[in-house]
Amino acid sequence: MPELLVAFSYKDVLFLLQGALVTIAMCAMAFSCGLVVALLIGLIRTARRFPALRWIGWGYVEIFRGTPLLMQIFIAYFGLSILGLELPRFVAVSIPLILYTGAYMGEIVRAGVEAVSRGQWEAGWSLGMSYRQLMRYVVAPVAVRIMIPPSVGFLVQLVKGTSLAYVVGYVELTRAGYIISQSTYATMLVFTLVGAIYFGINYPLSLASQRLEIRLKRHA
Amino acid sequence: MLELEDVHKWFGNLHVLKGISMTVSRGEVVVVIGRSGSGKSTILRCINGLEPIQQGRIMVDGEVVDAHSRHVRKIREEVGFVFQSFNLFPYYTALENVSLALKIVKKMPLAEARSIAEEMLARVGLSDKLDAYPDRLSGGQQQRVAIARALAMNPKLMLFDEVTSALDPELVGEVLKVMQDLAEGGMTMVVVTHEMGFARRVADRVLFIHEGQIAEEGPTAQIFTAPRNESLRAFIESIL
C-alpha cells in the first residue's frame, strides 16, 4: 500500500481539481442554457390556447426524460460527427446535457406555473394585465418559490450526470480520476477523492437552497 | 353604463345563463340574489370578460365586451372586480397589491402610484397596514385591500362577487360598511350577495336569478315585501 501512495502526488490532486472545474463549467453551461429551454417548454406546456405547441412540448419532454442520458450523449457526440458536424468536445457534450436539463426543468417550470391558483390569474386579468405582465408580476413570484427545491434536486443530479461525459473521452472529474487511477493504481484513494469532490460541489448547493427557501418562505 | 342583451352562456352542455337582459345606469346599485348555482356569479364574470358568452351582447359604457379580444383588457381597467376569495397577491404588501396594476397597467410613476394606493387604503380604513403582507391580515382586512386594489384603477363600475361569503361573521360588517360608503359616494355597483340586510339598506334595485333567468326584478322594497314570483317567495322565506 505505501508504495502505491508514493506514486500519487500533489500533481494528481491538481489534475483532479482541474477536472472538477470542467465539471462545474459543464454544469453551469448546461443549467443556464437548459433553463432557457425549460422556460420555453414550461410556457408552451401551460399555454391553453395553443394545443399543437403543447403536444410538441409534451413529446420533447417525454423523449428526453424517457431515454438514458448516456444514450443521449453517445448519439449527440457520435451522431453529430457522422452528420459531418465536427463540434468542439465541450459543445458536443453540452448539447445533450442542455436538452436533458430543458426536459426536466421544463416539467418543474410547468408544475410551478400550474400551482398558481386560478384566482390569482383572474385577479390579474380583472386589473387589465396582459399575459406577459401576469406571468412576470403575479405568477413568477409564486412559481419560482415552488420551483426551488425540485430545481436544486435536479441540479445535484446534473452535477453527477456530467460524469457520463467520460464515455466519450471528455476529461471532466470522473475521467480525470480514471486516468490517474490507471497511472497510479491508487484506485480506491482516487475515487474516494473524486466522490468527495462531487460531494463538495453538491452539498453547498443543497445548503444554499435550504437558506433560499427559508428566506423566500416568509409571507407564503 | 351597463347593458346586457339576451345573454346566453353554456358550460359544455350546461345552459347556465338563459337570456339575461338588464341595464344598470350610472350611480345605480343593483343587488343580484338567488340560490347557489343559479348563475348569478357567472353574470358578473361574463361582464368582466372572465367568461366568454355564446350568444347575446354585453356593453360597458358603450363598448362591447368580447372575452376573446385584446380590447377586453381596456374594459377591465374600467371595471373593478372583487372576488369571494380575495385573491390578493401573496408576496406583495397591501400597498404593493394596490399599486402594482397602477404601475404596470396604467404605467404610472412610482410616487404617484404609491400616493393613490395610500389614499385607497385609507379609504377602506387600512392606513396602518400599508406594509403588511396578506398572510398577516384578517379575512376582512384582506377583502378591504382587494376592494382598494380595484378602486385604485378608478373604475366606472364595480362588481362584487359574494365578497363576504368566505368571511367569519364578525368580519362581514367591516366589508359591507366599505361597500355602503362606496354606494353612497355614487359608485355604480353590481353586487352578488346573500346579505339581505345589506341589499335592503343599499340597493336601488334587486334582481332575483332563478335557473339562469331573471325571475323577478324591481325596487328593493317591493322585492322583499311583495314578491310575486313563487320561487322568489320561497327563497326569501328560506333565508329569513
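Q: What makes a residue exposed or buried here?
A: Exposed means over 50% relative accessible area, and buried means under 20%. The model is a predicted one.

Q: Where is Tyr185(A) placed?
A: Tyr185(A) is in the loop between α8 (173-184) and α9 (187-217) of chain A.

Q: What is phi of Glu162(B), and where does the residue lie?
A: Glu162(B) has a positive phi of about 45°, although it is not a glycine. Glu162(B) lies in the loop between β7 (157-161) and α6 (169-184) of chain B.

Q: How do you know whether Ile148(A) is buried or exposed?
A: Its relative accessible area is 11%. The limit for buried is under 20%. So Ile148(A) is buried. Ile148(A) lies in helix α7 of chain A.

Q: Which residues touch Ile148(A), leaving aside neighbours within four places in sequence?
A: Ile148(A) is in contact with Ser209(A), Leu212(A), Glu213(A) and Leu216(A). Take Leu216(A): it is 68 residues from Ile148(A) along the chain, yet their C-alpha atoms are separated by 9.8 Å.

Q: What makes Glu77(B) buried or exposed?
A: Glu77(B) has 10% relative accessibility. Buried means under 20%. So Glu77(B) counts as buried. Glu77(B) lies in helix α2 (residues 72-78) of chain B.

Q: How do you know that the side chain of Glu77(B) makes polar contacts?
A: The cut-off for a polar contact is 3.5 Å between N or O atoms. The side chain of Glu77(B) makes one with the side chain of Lys74(B), at 3.0 Å. Another joins it to the side chain of Lys106(B), at 3.4 Å.

Q: Why is the meeting of Arg45(B) and Glu122(A) called a salt bridge?
A: The N to O distance between their side chains is 2.5 Å. The rule asks for a Lys or Arg nitrogen within 4 Å of an Asp or Glu carboxyl oxygen. So the pair qualifies as a salt bridge. The rule finds one salt bridge across the interface of chain A and chain B.

Q: Which helices of chain A each supply at least two residues to the side that touches chain B?
A: They are α6 (118-126) and α7 (131-161) of chain A. The largest share, seven residues, comes from α6(A). By class, this side of chain A has 10 nonpolar, eight polar and three charged residues.

Q: How many residues meet across the two chains, and what area is buried?
A: 21 residues of chain A are in contact with 24 residues of chain B. The buried area is about 2100 Å², and carbon and sulfur atoms give 63% of it.

Q: What makes β1 and β4 of chain B a pair?
A: Two strands pair if there are at least two bridges between them. Five bridges join β1 (residues 2-11) to β4 (residues 55-60) in chain B, so the strands pair. They run antiparallel. His8(B) stands opposite Gln55(B) in β4(B).

Q: Which sheet has the order β2-β1-β4-β5?
A: An open sheet of four strands in chain B has this order, with antiparallel pairing. β2 (14-24) and β5 (63-64) of chain B stand at the edges, each with a single partner strand, so one side of each has no neighbour in the sheet.

Q: What joins β9 and β10 of chain B?
A: Six bridges join β9 (residues 205-210) to β10 (residues 213-219) of chain B, and these strands run antiparallel. Phe208(B) stands opposite Glu216(B) in β10(B).

Conventions:
Residues numbered from 1 in each chain as written. Chains lettered and ligands numbered in written order. Predicted model: local features only at pLDDT ≥ 70, side-chain atom pairs only at ≥ 80, totals over all residues. Heavy atoms only, no water. Contact = heavy atoms within 4.5 Å. Buried area = accessible area lost by both parts, 1.4 Å probe. Nonpolar A, V, L, I, M, F, W, Y, C, P; charged D, E, K, R; others polar. Buried < 20%, exposed > 50% of the residue type's maximum accessible area, 1.4 Å probe, protein only. Polar contact = N/O pair within 3.5 Å; in protein donor to acceptor, adjacent residues only side chain to side chain.
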